[in-house]
Amino acid sequence: EIWKTEEEQSSLNLFDKHLYTLETVQLNPVQVDRLLETFDIGCPAWLNQVYVQTRDEILQGVVPCTYDEATDLASLQCQIVVGNHRPNECRTRMPFEYDDFKLKKDIETKHRKLAGLSQKKAKFRYVNFVRSLKTFGIRFFPAEDTKSNQPVLMGIADERIVILDYLTKDTKNVFPFSNLCDWIVSSRKTLQIRFEPSSKQSLYTLQTNESEEISRLIADKYFSFVVKRDKELSLRKLRQQQKRQRRQRRDRKSG
């Protein structure tokens, strides 16, 4: 079972221990945050579950990473699999787009620096490294920038749209929702996004097979963004009003 004690089970209340096993549970980011905050690395069951899920997201390209980030993660994976560096013994995998790169030297160099790191600590470091990536928690879609005719990865985050270089995974553009005007699926494979005229780029057009799915996701994220923004604005106005009222009461007393 996932939890060792009833106290641990009830403290988070994340899973029904009678319905789920380690093989079937998929942890969402909020659950993992709570796990990382609540437990130390001495609990191997949850740590291994989170590590395996995180590793698979990297290898499948769900969380895009640059070459340097990929080699950092591969060296940690070597430490987890074989322990301290031994030549020709690490057969770690990389995200698919880096499979053809000549990586062995870079990975081995980084792996040597991890000597003495235990498997548990290496897994913990791997999970935290992935969760610190700028691409973590963002859903990405392959697309083509119609202006440059170059392939890109388009990511929809909670408060922004992120455009990555398809090969290097470097950030090419970031469009905050605060500058978003509207978006249109002009054809089955064309998505047009308009931003405020003051923005660096007022119109961004993409070719993608997933234009309708992207449009739906933008709508969901943008709606949540607007609700949060309006709530914060209302709260700010209320605090300003309360501050003015307190100042007026003080003025009346002093007068």
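This is a predicted model: local features need pLDDT of at least 70, side-chain atom pairs count only at pLDDT 80 or more; totals for chains, interfaces and linings use all residues.
Local features are reported only at pLDDT of at least 70 and side-chain atom pairs only at pLDDT 80 or more, while totals for chains, interfaces and linings use all residues. Residues are numbered from 1 along each chain as its sequence is written, and side-chain values use heavy atoms, with hydrogens and water left out.

**Nonpolar cores**

The largest nonpolar core comprises 21 residues. A nonpolar core is here a set of buried Ala, Val, Leu, Ile, Met, Phe, Trp, Tyr and Cys residues joined through side-chain atoms within 4.5 Å. Buried stands for under 20% relative accessible area, exposed for over 50%, and partly exposed for values in between, with a 1.4 Å probe and protein chains only. M154, I156, I161, I193 and I218 have the most contacts inside this core. Two or more residues each are given by β1 (139–145), β2 (150–156), β3 (160–165), β6 (190–195), β7 (203–207) and α7 (211–254). These helices (H or I, at least four residues) and strands (E, at least two) are DSSP runs, numbered from the N terminus. Helix α7 supplies the largest share, six residues. I218 touches M154, I156, I161, L180, W183 and I193, leaving aside residues up to four places away in sequence; contact means heavy atoms within 4.5 Å. A second, separate core of 18 residues includes C65, L73, Y126 and V130.

**Two helix pairs**

The geometry of the two pairs is set out below. Axes are lines fitted to C-alpha atoms, for helices over the stretch in contact, and angles run from 0 to 180 degrees between N-to-C directions.

| Pair | Axes | Angle | Crossing |
|---|---|---|---|
| α3 (44–59) and α6 (119–131) | within 9 Å | roughly 50 degrees | left-handed |
| α4 (67–82) and α5 (104–112) | 8 Å apart | about 60 degrees | right-handed |

A crossing is left-handed if the near helix is turned anticlockwise from the far one by less than a right angle, and right-handed if clockwise. Angles under 35 degrees count as roughly parallel, over 145 as roughly antiparallel, 65 to 115 as roughly perpendicular and the rest as oblique. Helices α3 and α6 are therefore oblique to each other, and α4 is likewise oblique to α5.

On the α3 side, W46, L47, N48, V50, Y51, T54, R55 and I58 meet K120, K123, F124, Y126, V127 and V130 of α6. This contact has nine nonpolar, two polar and three charged residues. In these classes, Ala, Val, Leu, Ile, Met, Phe, Trp, Tyr, Cys and Pro count as nonpolar, Asp, Glu, Lys and Arg as charged, and the others, Gly among them, as polar.

In the other pair, Y67, D68, T71, D72, A74, S75, C78, Q79 and V82 of α4 meet D106, I107, K110 and H111 of α5. The residues of that contact divide into five nonpolar, four polar and four charged.

H111, in helix α5, is buried at a relative accessible area of 2%. H111 touches S75, C78, Q79, V82, G83, N84 and H85, again not counting residues up to four places away in sequence. The C-alpha atoms of H111 and Q79 are separated by 6.7 Å, although these residues lie 32 residues apart along the chain.

**Positive phi in two loops**

N149, in the loop between β1 and β2, has a positive phi of about 60 degrees although it is not a glycine. N149 counts as exposed, at 52% relative accessibility. K169 is also not a glycine, and has a positive phi of about 70 degrees. K169 is placed in the loop between β3 and β4 (171–176) and counts as buried, at 4% relative accessibility.
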